[in-house]
Amino acid sequence: MAMAPHPDRTGEVSSPAREMLEPGYQRLFRTGALRARADEARRHMEACDLCPNRCGVNRRAVKVGATCQTYERARVHAAFPHHGEEDVLRGRAGSGTIFFSSCNLRCVYCQNWEISWRGEGELVSDADLAEMMLGLQRQGCHNVNLVSPSHVVAQVLGALCIAAERGLEVPLVWNSGGFDSLEALRVLDGVVDVYMPDVKYSDSEVGRRCSHVQGYAEVSRAAVQEMHRQVGDLVLDARGLAVRGLIVRHLVLPSGLAGTEEVMRFLAEAVSPRTWVNLMDQYRPCYRAGDVEALARRPTSEELRAALQAARRHGLARLDPGGIA
């Protein structure tokens, strides 16, 4: 088995180690461990605790999760090369995004509410999902980027077993809302190459009001720490593309709702000062944002500048160039 590469000071993989790097799921597939993980995740679905909502529904008995409204088959809205993701993911050929329908969060301001709340999309089998992954690789995408996958852990693992056998070999990106359970992350240990969670709020009461979930701050903090334990700081290859590690997205909300100062402190002190952070400035009132009065406007330029200053004040220097600058 190839040894894991060691990043140099810039976060790039050194030349000899770069050739040995391969997706984690391929290593697990060769040993049979990937199939065991997929089977374990399916068993979790019988009293589902694969996300922190822990609704306990038997999703294998054609019953839907209480929040995610998804049962044994995943529903996919779209799969395509995405050129609007972070530079370290999209490169020249795009990030191979698969947008899963529904979500384990209910963010009142969701910009993709037709997908996350209404669940628009098509039901797919594990084999269908595997073919989507392989199709994105054939189109030259630099990775497979799973968007809102926290409620379809078992389906993703089942599809990976098929895709790995058929030659999938690009990094796997877990692009979640940050509301991931430790049970699910432990099943994913060694499978995911790049974790890219949101850290939406530092205060769980804000999470309850804005995303209709309990304990968001505590859950997301534990999840991000576990993600970092698994993959470490972000590592780039010679092309500047992410091959392994953690990327954190943080959307700056108006009126300080996101608790940006505390989020930046947490990342710097409890995760790593070398955490790659995308401070995002694209919030705008969407869907049911009017349910929370403070969400009825965009952040001001002063609020955006304060977010950037908070990141710098806490020593976070690896800020994504596509974010607030």
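Tyr 109 is buried in this predicted model, with a relative accessible area of 6%, where buried means under 20% relative accessible area, exposed over 50% and partly exposed in between, for a 1.4 Å probe and protein chains only. Tyr 283 is likewise buried, at a relative accessible area of 0%. The model is a predicted one, in which local features need pLDDT of at least 70 and side-chain atom pairs count only at pLDDT 80 or more, while totals for chains, interfaces and linings use all residues. Residues are numbered from 1 along each chain as its sequence is written, and side-chain values use heavy atoms, with hydrogens and water left out.

The search for aromatic pairs, taken over the whole structure, finds 6 of them; rings of Phe, Tyr and Trp (for Trp, the six-membered ring) pair if their centres lie within 6.5 Å, and planes under 30 degrees apart count as stacked, over 60 as edge-to-face and the rest as tilted. The ring centres of Tyr 109 and Tyr 283 are 5.6 Å apart and the ring planes stand at 75°, so this pair is edge-to-face. Because Tyr 109 lies in the loop between β2 (95-100) and α5 (113-116), and Tyr 283 in the loop between β9 (276-280) and α12 (301-313), the pair ties together parts that are 174 residues apart in sequence. Helices (H or I, at least four residues) and strands (E, at least two) are DSSP runs, numbered from the N terminus.

Phe 179 and Tyr 216 make a stacked pair, since their ring centres are 5.9 Å apart and their planes are at 10°. Phe 179 is placed in the loop between β5 (172-176) and α8 (182-188), whereas Tyr 216 belongs to helix α10 (residues 216-231), so that this pair ties together parts 37 residues apart in sequence. Phe 179 and Tyr 216 are both buried.

Across the protein as a whole, 12 helices and 9 strands are found. The radius of gyration is 19 Å, close to the 20 Å that the globule rule gives for 325 residues, so the protein is as compact as a globular protein of that length; the radius is taken over C-alpha atoms, and the rule is 2.2 Å times the number of residues to the power 0.38. The C-alpha trace spans about 50 × 50 × 30 Å along its principal axes, and 55% of the 325 residues count as buried. Of the contacts with a separation of 6 or more, 70% are accounted for by residues 24 or more positions apart, contact meaning heavy atoms within 4.5 Å. The accessible surface comes to about 13500 Å², of which 48% belongs to carbon and sulfur atoms. The side chains include 39 positive and 40 negative ones, and the centres of the two sets lie 1 Å apart; Lys and Arg count as positive and Asp and Glu as negative, with His and the chain ends not counted.

In helix α2 (residues 24-31), the buried residues are Gly 24, Tyr 25, Gln 26 and Leu 28, and what covers them includes α3 (33-44), α7 (153-165) and β5. Just after α2, Gly 32 takes a positive phi of about 90°.

Positive phi values also occur in residues other than glycine, including Ser 148, where phi is near 55°. Ser 148 is found in the loop between β4 (144-147) and α7 and, at 24% relative accessibility, counts as partly exposed. For Ser 255, phi is near 60°; this serine lies in the loop between β8 (242-251) and α11 (260-271), and it too counts as partly exposed, at 44% relative accessibility.

Thr 70, in the loop between α3 and β1, is buried, with a relative accessible area of 4%. Not counting residues up to four places away in sequence, Thr 70 touches Arg 59, Lys 63, Val 64, Gly 65, Ser 101, Ser 102, His 151, Val 152 and Gln 155.

Ala 78, found in strand β1 (residues 74-82), is partly exposed, with a relative accessible area of 22%. Leaving aside neighbours within four places in sequence, Ala 78 is in contact with Thr 97, Ile 98 and Phe 99. Between Ala 78 and Glu 261 there are 183 residues of sequence separation and a distance of 35 Å in space, C-alpha to C-alpha.

Conventions: Areas by Shrake-Rupley, 256 points an atom, 1.4 Å probe, with all protein chains shown as cover. Charge placed at Lys NZ, Arg CZ, Asp CG, Glu CD.
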